[in-house]
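Keep the viewer open as you read.

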Amino acid sequence: MPAEPITAPDGTPGQRRGTLAELEALRQTLRDGPGQRATDAQHAKGKLTARERLALLFDDGRFTEVEGLRRHRASGFGLEDHRPHTDGVVTGWGRVYGRTVFAYAHDFRIFAGSLGEAHAEKIHKIMDMAATAGAPIVGLCDGAGARIQEGVTALAGYGGIFQRNVRNSGIIPQISVMMGPCAGGAAYSPALTDFVFMVRGTAQMFITGPDVVGAVTGEQVSHEDLGGADAHATRSGVASFTYDDEDDCLTDVRYLLSLLPANNREHPPAEPCTDDPARRTPVLRDLVPADTTRAYDMRHVIAEVVDDGDFFEVHERWAPNVLCALARLDGHTVGIVANQPAHLAGALDIKGSEKAARFVQMCDSFNIPLVTLVDVPGFLPGVGQEHDGIIRHGAKLLYAYCNATVPRIQLVLRKAYGGAYIVMDSRSIGSDLSLAWPGNEIAVMGAEAAAGVIFRRDIAAADDPEATRTQHIKEYRDQLMHPYYAAERGLVDDVIDPAETRIRLIDALAVLRTKHVPQPSRKHGNQPQ
């Protein structure tokens, strides 16, 4: 039987029912936000509201909000007369593919999403909860920066966010999704997170905006050209991923989360594999040209090897001479680093080294095994590269690999020359397993260049210098660059049929899944900057 309604001693309805009605009305006000006019203005800019975005991020649109009733306590400049609930940020948690994920979303309709004391404290709390629970956190960013009316208190709020970004780095995955403006000091929080998503046309990030740039330097630039999604995807390297609309962006945020563990104490979730782990890859026998000077697209190699040809490339449009991608092999997440012969012949340069180093560190932080596909002619030569610090930046990639303790497999597809061969996870810097295809050339440099150095006097004194040069090139190649030279010296563990690539990688990764490397007792290393 239904429960009897609660009544007061005089027979009138109990006070609790009225209080509950008041609470529901208040919650409805929170859901509606500041009003339809503000919502229409947000939609007119091509942007969703904070709650609409959270509904897309979480399973079935279900989200548990915390501190929804929070209001600021600032005064001055009219703030005391305008104290909306939430203070312009929605915080809480939900589930993505059944796993807990924490999130905060700036609400541009309230104070333009600007950060004040209460706003910051809400973000601090949810970041702390994510760390305590050992679950990822996603920031949906759409705000005007520090709330000017609250002065230095707002700046201190950002300091608390930065501190937590660093404290949680490598502990839980941190993802920033840029869906609106992010200017000044606010831009540093996304830069401290693991991945940055940006939406074209609405998201901008910069330290100083176009007006300040114009006033100080005289340069005239638009918001989009200075700090839009394409600028950060192709030039600065800030944006890991870019999208034309928020729906597609949030769909891929969910997909990325499915590839990552909840925290650094867990392994990434494995999925049932519908792609036969024993599938041979005979296409690879002819995919890579035997001529080391001919280009090809390394993406075709990756697609042939990984489960269902599906991989998620990070920083696709920045430093395209190096590919970094997350994929699955036999249902388990792997990180792939590969030279891309279609760009700069796959040579390592400053940007490519930084891109790969950052990716290797992320994979190592979150227990994601590394597979390195090598086809590298060396480091990119040039005065600009040397003066801009290729030594220092290349050392970042070397440091990242040497420091990584996850399972590491190197596969040499074709050429691997000089210091770049060492840096691309060679056996000498700690790769667990080094494999090579039969056409591999592992050497200090190419045969042509080597012969020119070693036999330069002989070639110069010959009656037929060109014939002598050709003879010495063949001599050098036959002695030091044949496919089995490195294997004979224990620097390559096996030379394999390209058709067995997928099988061999899956088998090796299964064996290495329980790898454990004791770490030296130290506070932290002093990696190259």
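How many cavities of 30 Å³ or more does the structure hold? It holds four. A cavity here is a set of points, on a 1 Å grid over the protein atoms alone, where a 1.4 Å probe fits but cannot get out. A pocket is an open set with protein on both sides within 12 Å along at least five of seven lines. Lining residues have an atom within 4 Å of a point. Grid points are joined across faces, edges and corners, and a volume is the space filled by probe spheres set on the points.

Two notes on the source come before the details. This is a predicted model, so local features need pLDDT of at least 70 and side-chain atom pairs count only at pLDDT 80 or more, while totals for chains, interfaces and linings use all residues. Residues are numbered from 1 along each chain as its sequence is written, and side-chain values use heavy atoms, with hydrogens and water left out.

Take the largest cavity. Its space comes to about 130 Å³. Sixteen residues line it, and His106, Cys141, Tyr158, Cys182 and Ala186 are the closest to its centre. The elements that give two or more residues to this lining are E3, helix H5 (152-168), strand E6 (181-183) and helix H6 (188-192). Helices are DSSP runs of H or I with at least four residues, strands are runs of E with at least two, and both are numbered from the N terminus. By class, the lining of the largest cavity has 10 nonpolar, five polar and one charged residues. Ala, Val, Leu, Ile, Met, Phe, Trp, Tyr, Cys and Pro count as nonpolar, Asp, Glu, Lys and Arg as charged, and the others, Gly among them, as polar.

The second largest cavity has a volume of about 60 Å³. Its lining includes Ile302, Val305, Leu373, Thr501 and Leu505. Helix H12 (298-305), strand E13 (370-376) and helix H21 (501-512) each give two or more residues to that lining. The class count is nine nonpolar, one polar and no charged residues.

Now turn to an open space. The second largest pocket has a volume of about 360 Å³. Of its 15 lining residues, Arg27, Leu30, Arg31, Arg51 and Glu65 lie nearest the centre. Helix H1 (15-32), helix H3 (50-57) and E1 each supply two or more lining residues. This lining has six nonpolar, three polar and six charged residues.

Glutamate 65 leads on to the strands. It stands opposite glycine 92 in E2. Strand E1 (residues 63-66) and E2 pair in the antiparallel sense over four bridges; pairing requires that DSSP finds at least two bridges between the strands. E2 also pairs with strand E3 (residues 99-106), again antiparallel, over eight bridges. Valine 96 has arginine 99 in E3 as its bridge partner. The hairpin of E2 and E3 has two residues between the strands, and tyrosine 97 there takes a positive phi near 50 degrees.

Why is E2 largely enclosed by the rest of the structure? Six of the eight residues of E2 (residues 89-96) are buried. Buried means under 20% relative accessible area, exposed over 50%, and partly exposed in between, with a 1.4 Å probe and protein chains only.

Next, compare two loop residues. Asparagine 440 is found between strand E15 (433-436) and strand E16 (441-443). It is buried, with a relative accessible area of 2%. The side chain of asparagine 440 reaches the backbone oxygen of tryptophan 437 at 2.9 Å. Leaving aside neighbours within four places in sequence, asparagine 440 is in contact (heavy atoms within 4.5 Å) with residues including Val412, Arg414, His482 and Val495.

Aspartate 493 lies in the loop between helix H20 (485-488) and strand E17 (494-495). At 37% relative accessibility, aspartate 493 is partly exposed. A polar contact of 2.7 Å joins its side chain to that of arginine 427. Such a contact is a pair of N or O atoms within 3.5 Å; within protein, one must be able to donate a hydrogen and the other to accept it, and residues adjacent in sequence count only if both atoms are side-chain atoms.

Finally, the whole chain. It has 21 helices and 17 strands. Its C-alpha trace spans about 115 × 65 × 45 Å along the principal axes. Buried residues make up 49% of the 529 residues.
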